[in-house]
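Please look first at the model shown here. The report after it is written for a reader who is new to protein structure.

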2 protein chains.
Amino acid sequence: MAAKSSYPFRVEPQEVDFSLRITLSALGVNVLNIAGIDAHAKGFGVEVLNRDNYSWVLSRIAFEFDYRPKEYVQYEIATWISDYGRMLSTRNFTLTDQSGTTFGRVVSQWCMIDLTRRAAVDLRAVAEEHNEAIVAEPAPAEKPRKVPAIDAEPVLTHRVAYSDIDFNRHVNTMRYIEMMLDVLPIERFEQDRPMRLDINFLKESRYGETLSVSFEERESETLVEIRNDAGTAICRGAFEWR
Amino acid sequence: MAAKSSYPFRVEPQEVDFSLRITLSALGVNVLNIAGIDAHAKGFGVEVLNRDNYSWVLSRIAFEFDYRPKEYVQYEIATWISDYGRMLSTRNFTLTDQSGTTFGRVVSQWCMIDLTRRAAVDLRAVAEEHNEAIVAEPAPAEKPRKVPAIDAEPVLTHRVAYSDIDFNRHVNTMRYIEMMLDVLPIERFEQDRPMRLDINFLKESRYGETLSVSFEERESETLVEIRNDAGTAICRGAFEWR
């Protein structure tokens, strides 16, 4: 039975917004970075999987933040895998400040893809190291929800460029989060309300495609949808304001 | 007489492009982050200056990179102030790999601004700590050059959004570098040629403005210009391919 791994962080000046608090996209990047580093350290990172032409793909993620820490504040990200099924492995994160208060909880679900067949791999049959990494502690928040489609007109369009793409030439996750934040009224970021963000990744998007972003405000929720040139949904997000 | 300060770095997965080498914008962010941290450590950081309602503003910067290191590679950024005049303080950086080879040289020029009067401050009269930080070692590369204007049509436009702005609600330097990279032919990043990039910051740009980016290829050089709604140049860059 494995143990959780913890990694120290500090809010760097380039990570803050005009309120001097760390942005959701910077928190998201750090969380995903830790996922990669921890998988690597435990022997089932992307570079090991790539030998069999397999890779991890993020399917859904849910972030809950009670507050966003300010510039130069130190915090810690702990991560562990709690369980997996045929298709999805659940990786969890908690973010804890120096007083020991957990201010962030993240639950992510990943599938393993066979890059040759472009198909999901049955997780029960592969990666013994992955099995050994399970920690018997449940996810710290509700698992990522399915985000409903919306039928709103785009308010932002963006042509996918060099700075948006990752090693696979697909749009990177941070950019999707940024595009979702960029359509919200900027006043949202003046206050620091507790919130939850669920994201569903539906399809990859590539260099040169033009993406459009729509959003719809519902009671205590804001839904966002990113579509490609063909009008197909690439990614959906739901912000819940608490 | 002060000494250079050195800070350790590692190329993180989210910093690389599709060639698995660190991007110029990520290198730029790390360099500027170190500028802030070093000024802070030596007693003339933005937060001290702000007490008098002064701030540092980046005027020009020149980057020279012989190569861009790959993912997970460790390197070090050293920084020092070599000299200053009435208006500009020169902060230098060298980037050194684990074999001791210096692969990057950066020269930046900063003015100190009185935020109340929105005017430059005479550096000879202020900040004793700044004087004491001078290191008697010249800049490691030619000082930033003046970049000529160009007369080309825009190939990219972008409306300034939440994710583009810094604590001042101005577009952050990383975003300018990204916009410059994003208009270059993507093949430029497949090879890893030695290069130099000079940037002149001419005017601030704010939330809600629409920026347009033009470029012009000349012999061994590519010139880029970012303009605001009014057609005024905000920022100019010159890439020299070596």
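This is a predicted model: local features need pLDDT of at least 70, side-chain atom pairs count only at pLDDT 80 or more; totals for chains, interfaces and linings use all residues.

Residues are numbered from 1 along each chain as its sequence is written, while chains are lettered from A and ligands numbered from 1 in the order in which they are written.

**Strands of chain A**

Helices (H or I, at least four residues) and strands (E, at least two) are DSSP runs, numbered from the N terminus. Two strands pair if DSSP finds at least two bridges between them.

| Strands | Sense | Bridges |
|---|---|---|
| β2(A) (residues 54-65) and β5(A) (residues 102-114) | antiparallel | 11 |
| β4(A) (residues 89-97) and β5(A) | antiparallel | eight |
| β5(A) and β6(A) (residues 119-120) | antiparallel | two |

Particular residues face each other across these pairings. L58(A) stands opposite W110(A) of β5(A), and T94(A) stands opposite R105(A), also in β5(A). I113(A) has A120(A) of β6(A) opposite it.

Two hairpins involve β5(A). The hairpin of β4(A) and β5(A) has four residues between the strands, and G100(A) takes a positive phi near 90° there. The hairpin of β5(A) and β6(A) likewise has four residues between its strands, with R118(A) at a positive phi near 50°.

**Helices**

Axes are lines fitted to C-alpha atoms, for helices over the stretch in contact, and angles run from 0 to 180 degrees between N-to-C directions. In chain A, helix α1 (residues 24-41) packs against helix α4 (residues 173-182) at an angle of about 160°, and their axes are 9 Å apart. The two helices α1(A) and α4(A) are therefore roughly antiparallel, a label given to angles over 145 degrees. Their crossing is right-handed, which is the case if the near helix is turned clockwise from the far one by less than a right angle.

Which residues of α1(A) and α4(A) make the contact? From α1(A) come L24(A), S25(A), G28(A), V29(A) and L32(A), and from α4(A) come T173(A), M174(A), I177(A), E178(A) and L181(A). Residues are in contact if their C-beta atoms, placed from the backbone, lie within 7 Å. By class, this contact of α1(A) with α4(A) has six nonpolar, three polar and one charged residues. Here Ala, Val, Leu, Ile, Met, Phe, Trp, Tyr, Cys and Pro count as nonpolar, Asp, Glu, Lys and Arg as charged, and the others, Gly among them, as polar.

In chain B, α1(B) (residues 24-41) and α4(B) (residues 173-182) pack at an angle of about 160°, with axes 9 Å apart. That angle makes α1(B) roughly antiparallel to α4(B).

**The two chains together**

In the interface, 24 residues of chain B are in contact with 24 residues of chain A. On the side of chain B that touches chain A, the elements giving two or more residues are α1 and α4 of chain B. The residues of that side comprise 14 nonpolar, five polar and five charged.

Two copies of a chain are related by a rotation about an axis and a shift along it. Chain B is superposed on chain A by a rotation of 180° with 0.0 Å of shift along its axis, at an RMSD of 0.0 Å. This is the relation of a two-fold axis. Copies are superposed by least squares on the C-alpha atoms of residues with pLDDT of at least 70 in both. The same surface serves both copies, since 100% of the contact residues of chain B recur in chain A. Among the residues of chain B, H158(B) comes closest to the rotation axis, at 4.0 Å (C-alpha).

Terms used. Angles under 35 degrees count as roughly parallel, over 145 as roughly antiparallel, 65 to 115 as roughly perpendicular and the rest as oblique. Two residues are in contact if their C-beta atoms, placed from the backbone, lie within 7 Å.
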